[in-house]
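Try each task before reading its solution.

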Amino acid sequence: MSSDSDSSSYGGDYKNFRQISRERLLHEMLRSAKTGDSKSTWKVLIMDKLTVKIMSYSCKMADITQEGVSLVEDIYRRRQPLPSMDAIYFIQPSKENVIMFMSDMAGKSHLYKKAFVFFSSPISRELVAHIRKDASVLPRIGALREMNLEYFAIDSQGFVTDNDRALEELFGDEENPRKGAACLNVMATRIATVFASLREFPSVRYRAAKSLDPTTMTTFRDLIPTKLAAGVWNCLMQYKKIPDFPQTETCDLLILDRSVDQIAPIIHEWTYDAMCRDLLNMEGNKYVHEVPGKAGGPPEKKEVLLEEHDPIWLELRHAHIAYASERLHEKMTTFITKNKAAQIQHGPRDGGQLSTRELQKMVQALPQYSEQIDKLSLHVEIAGKINTIIKDLGLREIGQIEQDLVFGDAGMKDVIKFFTSKEDVTRENKLRLLMILAAIYPEKFEGEKGLNLMKLAKLPPDDMNAVNNMRLLGPAPDTKKSSTGAFSLKFDIHKKKRATRKERTGEEETWQLSRFYPIIEDLIEKLSKRELSKEDYPCMNDPSPTFHGTSQPASVHQAPVAQSMRSRRTPTWARPRNSDDGYSSDSILRHASSDFKKMGKRIFVFIVGGATRSELRVCHKLTSKLNREVILGSSSLDDPPQFITKLKLLTANELSLDDLEI
């Protein structure tokens, strides 16, 4: 059995993280099954629940069909025998999956002619031996390989390991080390497959457990990054045996958990992408909107995907919502003035304001423009809807007090005043404000104080769970008390309000509601400059002499040149406003294959317990700033409503049968 990994990141055109994942699945797996007498035949692709999701995040059905797959099947469903066709199995290396595959191919009534089997992560020796035992199956196996690709590429620079219950299993009030260890083992295996896919060997850094003194007992929760780093390291040691796998460090990996930044998942993030997810109840990347009906009929509902194939989305997703709205208006105006056919339609209403719907109707008879205007009008509609919600919910005022709390310009009294003067604030927004307050002033929520604040906000006990559970993501209670010790008291003479962020100087951002930045921005910059504290963030492997940062000369074991898709253009926060032709989003896609810059070694950051849109945005931003592709990984990607729901569950666990086992 062999273990393979794509080397497309070495030499040739640079491919980003998601492109490499896609090409491995399509070319290394599906295309490799077109060998010998199988070249012209169609194949069946068989997957399990997890590998279906892995495939769907990286590839479209048309891509799969193009590689000769005519049918996609679930390994656990009853399937029709197709003895004249070959089958490609992309499955997890579990005992159940291997048994299913063996029963498909064993005996005289086997389902398929030949089986090309690809495992998403390393398979145990016992299961390999089990496969080899069956003499009737062996001749029917065309390939038996470890793909080592068991993550979801959710973005060109982001992935998740699909441990959606990690927050509950690792940070819950009732610690369950056995369940926690199982969760971390799966996570470690999946993180390691990222490095197998990219042929990268990382320098593994992790957030150290914070203990007050040698007598303080360290809990399982304190050791989450430490344990995960050890798990990833063990997997990487196995990968070092793969031919051509790097033997020295080629990139950086920093492992953190959600306790590193309790505010990022809750605070309102004001970028177009984050606002869409936070306010529009989207399901994944799907957005449903109304379009004019055919032949003057009633409006029809249409489902669209907001993803990187859309150049307007690619340009504006990380822009402040106010800037995005402004740019969309400019684009629409430019489109009308530049296109003669559209101008003719527009003629009778010169000087008048056209609604999105009128513009859509206007170009229905102009097929050459319909795709462009559809995209533009879609985004104008979405931005308009978001701006209406911002106004209706009074989010600007809420956003202002959130930012002021974080930067120490507001405190407890300001929140109390806000609650007493604003009766119409929604339950969710009041809860989010209290959660930010609890992250900054945890001692204010002890006992009666916390209950009084909840009464003032008129929030039910269910919401109190979310506020109380913030403590599970924070430092130990003693640490909090120590923060009111002699030093703090002396400091408080001058300033009673606490700041959890320092103002960043020299930043291009000018929007008042975009001052907030996630903690990982500071950590990544320090890591890149090699200024990250080794005491707070130890290294599993002391870097070998040939491992250098970008400021050092190239070493013998030079890592693959790494670039970001976003490095092709000036980022949105630093681009002059007149650099656009009205539709092509600064020709992002037209110039996709040119203007590449040399990039330094990749930086990977993994957050246990869920990452946020703001953290993903920061990774894109820092890629351009640091000239190093920054990739964010997490157990899940959560928007504020999802995170709050998960936080409420931390103390709502009921004993399962598993917990009662001895």
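**Exercise 1.** Decide whether C251 is buried or exposed, and find how many disulfides the structure has.

*Solution.* Start with the cut-offs: buried means under 20% relative accessible area, exposed over 50%, and partly exposed in between, using a 1.4 Å probe and protein chains only. C251 has 0% relative accessibility, so it counts as buried. C235, at 19%, counts as buried too. Next, look for disulfides, defined as pairs of cysteine sulfur atoms within 2.5 Å. Searching the whole structure gives zero.

A word on the model: it is predicted, so local features need pLDDT of at least 70 and side-chain atom pairs count only at pLDDT 80 or more, while totals for chains, interfaces and linings use all residues. Residues are numbered from 1 along each chain as its sequence is written, and side-chain values use heavy atoms, leaving out hydrogens and water.

**Exercise 2.** Describe the surroundings of H110.

*Solution.* First, locate H110: it sits in the loop between α4 (95–105) and β5 (115–119). (Helices, H or I with at least four residues, and strands, E with at least two, are DSSP runs numbered from the N terminus.) Second, check burial: with 17% relative accessibility, H110 is buried. Third, list its contacts, meaning heavy atoms within 4.5 Å. Leaving aside residues up to four places away in sequence, H110 touches P83, D104, M105 and R140.

**Exercise 3.** Find which residues make the contact between α1 and α7.

*Solution.* Take α1 (residues 17–30) and α7 (residues 177–198). From α1 come F17, I20 and R24, and from α7 come V194, S197 and L198.

Methods:
Axes fitted to C-alpha atoms, helices over the stretch in contact; angles between N-to-C directions.
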